[in-house]
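Student: Please pick one chain of this model and take a close look at how it is built. I would like one connected account.

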Amino acid sequence: MEIVNIELAQQALNQFSNEQVYVHLETTNGAYATHNDENFFSSGAFIRNAHVSFEHGKITGPGPYRVGIKLPIGWIYAEGITHYTVDERGRLLLAGHDFKGKLAVALEISRTPFE
Amino acid sequence: MEKERHVLVVFPHPDDEAFGVSGTIATYIGMGTPVTYACLTLGEMGRNMGNPIFANRETLPIVRKKELQDAAAALGITDLRMMGLRDKTVEFEEEEKLVGMMTSLLEELNPSLVITFYPGYSVHPDHEATGRAVVEAVSRIAEDERPKLHCVAFSKGHEDVIGKPDVVNRITDVLTKKMAALRAHRSQTEQMASELEAKLESGDEQIVNWIQNERFWTYKF
């Protein structure tokens, strides 16, 4: 993955405008967060292959970035995005890695279902 | 270590075997005992993407599958089963499906020893669900035919409840194999393995003791 270039990431998001897409969205602090620090409140969420109508997407912020996707009847949102890539299958993979390089958030958009 | 007929190791993630059990696995293989390693997922939801980052959420399973195969090869495991579940979802599968998966492995392999996580004392929800399913499947075998069950535990304060491990395997003779298995899980362990090796070389007593002695609790049904 590469460090986000906001112009290129925005162009990549635009490719999906007004299409049906599959979305992977996740936030995670790792399964050992509370084991390593009893005062840490462990939380996270994960959805894979949500099939949605993508109206438009926008990437904003000074970096780490925020990405919002507008749906006809709702929204998808991710915060803390640092890296991105468009893979060989045309899927846009956005990820946020924390200060230690560990994945903290992922937002991925594909025209075909994720495995 | 006692000679076994067949050892079945069941863990949910590639690298679960590396830290606490790989020396034991290599030792059994060295004794001529067949070892089957059933790994339930490919660690698809791992947070470590390599340092520097070389994997992403979609390539991680491919990377970790290869690492798992390399680790198995380093230990001499020839029967590696990848069971096709998804990381972080094991606890949400139907309980009977998991127990059935374990039962079919037990019936096929007829192991004399099974190794897994100790339910209640193994921290990660996937570890807990794996341990629970194995315990349940083994408990359904008639007592006189039941294999021994050795569990790995590491939750905070576990020794206050379950006491000291009753099985401690000293694995010094196969330490190089253990380190090779650890290193094979490169995306997850690269930085840690280097730090570990430095500490081993400097003779850090706590680390030497931790890495050279693998601890198990015999499950009492």
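**Chain A and its strands**

Tutor: Among the contacts in chain A between residues at least 6 apart in sequence, 52% join residues that are at least 24 apart; a contact means C-beta atoms, placed from the backbone, within 7 Å. The model is predicted, with local features needing pLDDT of at least 70 and side-chain atom pairs pLDDT 80 or more, while totals for chains, interfaces and linings use all residues. Residues are numbered from 1 along each chain as its sequence is written, with chains lettered from A and ligands numbered from 1 in the order in which they are written.

The make-up of chain A is two helices and nine strands (DSSP runs numbered from the N terminus: H or I of at least four residues, E of at least two). Read from the N terminus, its elements follow the order β-α-β-α-β-β-β-β-β-β-β. With a radius of gyration of 14 Å, against the 13 Å that the globule rule gives for 115 residues, chain A is as compact as a globular protein of that length; the radius is taken over C-alpha atoms, and the rule is 2.2 Å times the number of residues to the power 0.38. The C-alpha trace of chain A spans about 45 × 25 × 25 Å along its principal axes.

Consider the open sheet. Six strands of chain A make it up, in the order S1-S7-S8-S9-S2-S3, and their pairing is antiparallel (a pair needs at least two DSSP bridges). At the edges stand strand S1 (2-3) and strand S3 (45-54) of chain A; each has a single partner strand, so one side of each is left without a neighbour in the sheet. Within the order, S8(A) and S9(A) run antiparallel and are joined by six bridges. One residue pair can be picked out here: Gly96(A) has Val105(A), in S9(A), as its bridge partner.

Strand S4 (residues 56-60) of chain A runs antiparallel to strand S5 (residues 65-71) of chain A, with five bridges joining them. His56(A) is bridged to Lys70(A) in S5(A). The hairpin formed by S4(A) and S5(A) has four residues between the strands, and Gly61(A), in the turn, has a positive phi of about 105 degrees. S5(A) also pairs with strand S6 (residues 74-81) of chain A, in the antiparallel sense and over seven bridges. Here Gly68(A) stands opposite Tyr77(A) in S6(A). S5(A) and S6(A) likewise form a hairpin, with two residues between the strands.

On chain A, 17 residues are in contact with 12 residues of chain B. Strand S8 (92-97) and strand S9 (103-110) of chain A each supply at least two residues of the side of chain A that touches chain B. The side of chain A that touches chain B has seven nonpolar, seven polar and three charged residues; Ala, Val, Leu, Ile, Met, Phe, Trp, Tyr, Cys and Pro count as nonpolar, Asp, Glu, Lys and Arg as charged, and the others, Gly among them, as polar.

Key. Contact = placed C-beta atoms within 7 Å.
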